[in-house]
Amino acid sequence: MTADLRTYLAHVELPNPILTASGCGGTGRELAQFSDVHRLGAFVTRSITMAPRAGRPTPRMAETPSGLLNAVGLQGPGVEAFLERELPWLAERGARTVVSIGGGTVTEYTALARRLAEVSGVTAVEVNLSCPNVEDRGRVFAREGSAAAEVVASVRAATPYDVPVIAKLSPDVADIVAVARACVDGGADALAMINTPVGMSIDVDTMRPALAAGTGGLSGPAVRPLAVRCVWQVHAALPGVPIVGMGGVTTGRDALELVLAGACAVAVGTALFHDPYACPRVLRELEELLQARGFDRLADAVGLAHRPAGAQPRTRTDLEESSL
């Protein structure tokens with residue numbers, strides 16, 4: 001007997017908990033060569049901006065022990081090209097599409113949300129808060145609860161009520177629970193964590209930074225313990241809020257660890273660069289692990305590590321009531 005792998009982002013049901021992480025699945029066409037994007041719980045797009053962006057200068061990526069540094073800089077064709085070419089392609093294949101958006105001002109985020117509200121095929125909107133606020137000396141929105149909440153509230157107000165808004169959080173903060181709470185108070189229906197922490201590598205042969213931008217986002221297995229800690233803390237404080245866990249997921253065991261910490265869905269990112277079959281493989285491994293441990297449903301494992309031994313599993317109704 002197979003386990004029931006269904007999960008929910010707010011009121012939206014997903015057939016399974018495995019998503020792609022933003023920016024790691026290309027436009028979807030790249031992954032479609034290896035597996036059906038319809039079979040994903042959801043496909044998360046790269047972060048879409050209002051205008052086309054060339055991104056940062058090269059080199060943009062550098063390998064580190066158990067990780068990868070990147071400073072791509074939200075390269076993309078802009079929202080109009082995305083709506084013309086990429087979103088229809090995903091819709092034709094039945095993909096549940098979570099559109100990630102990024103901006104330099106609250107106004108830009110609002111404009112993106114309004115543009116997406118005019119089209120069909122958007123399952124949810126992910127708000128990438130790890131963008132510099134050009135109106136506040138370039139300070140990243142995600143690092144302050146009030147700034148993050150302002151962006152989330154503006155997107156929530158411009159987004160149809162039946163489309164969940166997901167706030168993507170950075171671990172580079174003093175108190176991630178405070179930022180998470182501010183985003184939920186601002187209208188976020190779900191949270192995604194973690195975005196890449198900032199790191200740096202220096203080439204000792206050239207004696208210069210390995211990335212042209214100097215610093216970049218660190219991803220891969222090296223950051224998984226950080227992701228587990230953040231998911232654990234936020235789920236403990238906000239048990240009724242759906243969490244998409246991500247950071248260094250390469251196997252079903254990694255995914256289960258985040259689920260036990262409190263994530264109801266798990267995104268696979270850097271692993272896709274060397275294993276384009278990673279999403280279906282991680283899903284298969286996760287299901288096998290759940291079955292081996294006697295779980296009939298994924299929902300029974302969500303946040304289980306927080307509960308005393310022998311405690312009854314929490315139902316979706318329990319989670320909804322606890323958030324009131």
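These legends accompany views of a predicted model.

View 1. The protein contains 9 helices and 18 strands. Its radius of gyration is 19 Å, close to the 20 Å that the globule rule gives for 324 residues, so the protein is as compact as a globular protein of that length. Along the principal axes, the C-alpha trace spans about 55 × 45 × 40 Å, and 53% of the 324 residues count as buried.

**View 2. The salt bridge between R6 and D4.** Side chains of opposite charge can pair when their charged atoms come close. In this view R6 forms a salt bridge with D4, and the closest N and O atoms are 2.7 Å apart. R6 is partly exposed, with a relative accessible area of 42%, and D4 is also partly exposed, with a value of 24%.

**View 3. The salt bridge between E92 and R93.** The side chains of E92 and R93 meet in a salt bridge at 3.3 Å, taken from N to O. E92 counts as exposed because its relative accessible area, 62%, is over 50%, whereas R93, at 36%, counts as partly exposed.

**View 4. The salt bridge between D300 and R297.** Here the side chains of D300 and R297 meet in a salt bridge, with 2.6 Å from N to O. D300 counts as buried because its relative accessibility of 13% is under 20%, while R297 is partly exposed at 31%.

**View 5. A network of salt bridges.** E80, R115 and E118 are linked to one another in a network of salt bridges. For the protein, the count of salt bridges comes to 11.

Definitions and conventions
Residues are numbered from 1 along each chain as its sequence is written. This is a predicted model: local features need pLDDT of at least 70, side-chain atom pairs count only at pLDDT 80 or more; totals for chains, interfaces and linings use all residues. Side-chain values use heavy atoms; hydrogens and water are left out. Helices (H or I, at least four residues) and strands (E, at least two) are DSSP runs, numbered from the N terminus. The radius of gyration is taken over C-alpha atoms; the globule rule is 2.2 Å times the number of residues to the power 0.38. Buried means under 20% relative accessible area, exposed over 50%, partly exposed in between (1.4 Å probe, protein chains only). A salt bridge is a side-chain nitrogen of Lys or Arg within 4 Å of a carboxyl oxygen of Asp or Glu.
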